[in-house]
2 protein chains.
Amino acid sequence: MQGFSRNHKMAMCAGALAAAMAGAGAAELAPKPTLADVIKASKPSDWRPLDPANTMYMELPAGRVVIEMAPVFAPAHVDNIRTLVREHYFDGLAVIRSQDNWVVQWGDPDEKNPRPMKSAKPTLKGEFTIPMKNDTAFVRMPDRDGYAPQVGHSNGFPSARDPKSGRAWLTHCYGMVGVGRDTGADSGSGSSLYVVIGHGPRHLDRNITVVGRVISGMPLLSTIARGPGPMGFYDKPEMNVPIASVKMAADVPEAERSKFEVMRTETATYEKAVEAQRNRGGPWTKVAAGYIDLCNAPIPVREVK
Amino acid sequence: MQGFSRNHKMAMCAGALAAAMAGAGAAELAPKPTLADVIKASKPSDWRPLDPANTMYMELPAGRVVIEMAPVFAPAHVDNIRTLVREHYFDGLAVIRSQDNWVVQWGDPDEKNPRPMKSAKPTLKGEFTIPMKNDTAFVRMPDRDGYAPQVGHSNGFPSARDPKSGRAWLTHCYGMVGVGRDTGADSGSGSSLYVVIGHGPRHLDRNITVVGRVISGMPLLSTIARGPGPMGFYDKPEMNVPIASVKMAADVPEAERSKFEVMRTETATYEKAVEAQRNRGGPWTKVAAGYIDLCNAPIPVREVK
């Protein structure tokens with residue numbers, strides 16, 4: 001609209017076009033549907049509920065964090081995390097790290113006497129990428145990306161892929177959850193997890209197993225006091241933020257479950273949602289960007305009462 | 001190194017190359033200098049002190065936030081903010097908004113009885129972009145960008161430019177400070193400012209006057225409780241976080257000033273600092289990104305005791 005095509009090819013150079021028009025003193029942008037308008041006009045079929053078998057609830061002093069896991073991208077890790085959760089591994093552990101513009105991490109604060117794992121595996125082979133053919137839900141965004149040949153969304157998760165290598169992977173955007181690991185690629189297990197709380201550190205893509213995304217409760221994590229130690233780790237035990245419990249939604253009585261729906265990213269409605277951000281209309285916006293970074297593409301979530 | 005050239009042209013497609021190699025099961029990456037190594041090896045001439053005439057101290061209950069202003073990009077707004085500061089406009093005002101993955105904003109919480117301005121101007125013509133020729137310090141990064149034809153740094157600030165329109169502008173990266181405005185382009189004054197606390201909302205570029213960057217104290221802003229109202233505004237006065245004072249560093253006795261230095265972004269050392277992030281070496285990193293997003297390029301700051 002307003003001279004900016006929704007056509008894919010055009011969108012790839014619309015940024016430069018917008019810049020040129022801004023310089024030339026273009027007229028005010030006409031209004032167009034906002035993200036809120038697109039959500040309001042959406043149909044029930046544009047949304048999907050969370051699958052309780054792939055949803056974790058982490059109970060913090062400030063409230064519940066809801067995390068959707070992505071078994072397609074990290075089947076072994078999601079399976080191991082499910083085992084850890086069901087064997088109450090995380091209950092009583094803590095948030096142990098908060099580094100500004102980077103990540104908040106949780107796990108076992110006691111390095112000397114670590115909590116034993118029961119039937120979960122202590123380490124797993126890294127699941128940094130998967131064969132593209134396993135990622136059947138991928139819908140590409142037209143916007144070019146510096147970190148990957150193709151980016152878009154896979155069933156509600158920001159993702160990337162490379163046709164040459166035939167690999168696909170989840171990307172480090174705000175709110176994405178990954179598996180802490182040591183130096184070895186195969187040294188993580190899911191017993192320590194982190195969430196991105198700053199500008200997406202996309203250079204971590206393909207270097208870490210990404211297992212999911214925070215669906216609700218990001219503010220409970222992003223506002224946790226930053227740690228004074230190296231890399232934002234807390235240097236005093238009293239700084240740790242205790243985790244009351246982590247449970248699979250499937251193990252929580254129906255009445256106590258959080259009822260969230262995620263907009264289906266393979267729909268025409270979702271394409272409109274992204275376009276509403278890529279090329280905002282007036283009157284507040286004076287220059288439409290003509291482009292959207294993968295990590296700025298909203299993935300709408302709503303609570304169903 | 002490790003097959004990834006530091007050469008500019010190569011860097012533009014190294015992301016795809018890295019992806020291809022990852023898929024092909026490339027060997028472990030050899031170690032290379034990290035950002036910390038580059039900083040350690042830097043010379044005194046690689047750093048510049050903050051100019052007290054362009055540095056603001058905002059005193060919050062949790063401590064001091066240090067903001068460097070960019071008069072080259074927003075001369076009238078920086079001048080107006082300086083006047084507001086010197087006439088104690090901000091003293092006793094508050095942080096009034098905190099929206100997750102977006103901005104924290106401060107100004108006058110009392111809409112009904114707004115604090116009068118003294119000699120500062122109530123509105124200014126928007127300074128969204130400047131002529132490229134005014135931005136003499138610009139050093140381009142080789143990395144392509146979706147939002148602008150060229151990106152890089154201008155004397156310590158992330159910036160962009162468009163040779164076709166001949167315009168340059170500061171970019172909305174984490175920690176950048178902008179001027180709140182109403183619908184009209186010329187409706188801001190600097191009496192309400194915000195800082196980016198999430199993934200850089202680059203679609204705001206060229207739509208807002210950007211006046212500077214937080215040099216120290218980001219955690220004091222980024223962890224402020226998110227507001228429950230629309231757009232993260234606080235809906236109860238008791239939620240406001242009080243600002244004790246905002247002062248120009250030049251008006252603070254030498255002994256009470258914060259002594260920070262910023263790495264000069266026009267140096268070869270800075271180019272190495274960015275490269276250290278663009279292509280991380282092993283052993284922890286398994287795949288070098290071969291690319292860096294403008295907002296992930298670090299701008300090192302150090303405190304001088």
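I started with strands S1 and S16 of chain B: S1(B) is joined to S16(B) (residues 260–263) by three bridges, and the two run antiparallel. Strands here are DSSP runs of E, at least two residues long, and helices are runs of H or I, at least four, numbered from the N terminus. I looked up one bridge pair and found B:Trp47 partnered with B:Met263 in S16(B).

Next I asked what order the strands take in this sheet of chain B. It is an open sheet of three, S1-S16-S17, with antiparallel pairing; two strands pair if DSSP finds at least two bridges between them. The edges are S1 (47–49) and S17 (301–303) of chain B, each pairing on one side only. Neighbouring strands are turned by 30° against each other on average, direction ignored (axes are lines fitted to C-alpha atoms, for helices over the stretch in contact, and angles run from 0 to 180 degrees between N-to-C directions).

A note on the ground rules: this is a predicted model, in which local features need pLDDT of at least 70 and side-chain atom pairs pLDDT 80 or more, while totals for chains, interfaces and linings use all residues. Residues are numbered from 1 along each chain as its sequence is written, and chains are lettered from A and ligands numbered from 1 in the order written.

The same surface serves both, as 100% of the contact residues of chain B recur in chain A.

How many residues of chain B are in contact with chain A? I get 52, against 52 residues of chain A, with contact meaning C-beta atoms, placed from the backbone, within 7 Å. On the chain B side, helices H2 (14–23) and H5 (218–222) are the elements giving two or more residues. H2(B) gives the most, with six.

Last, I checked confidence. Chain A averages a pLDDT of 92, and 91% of its residues score at least 70; pLDDT is the predictor's confidence in each residue, from 0 to 100. Over residues 1–25 of chain A it stays under 50, yet the model has 56 contacts for them beyond four places in sequence. I also noted ipTM 0.92 and pTM 0.92.

Notes. Two residues are in contact if their C-beta atoms, placed from the backbone, lie within 7 Å.
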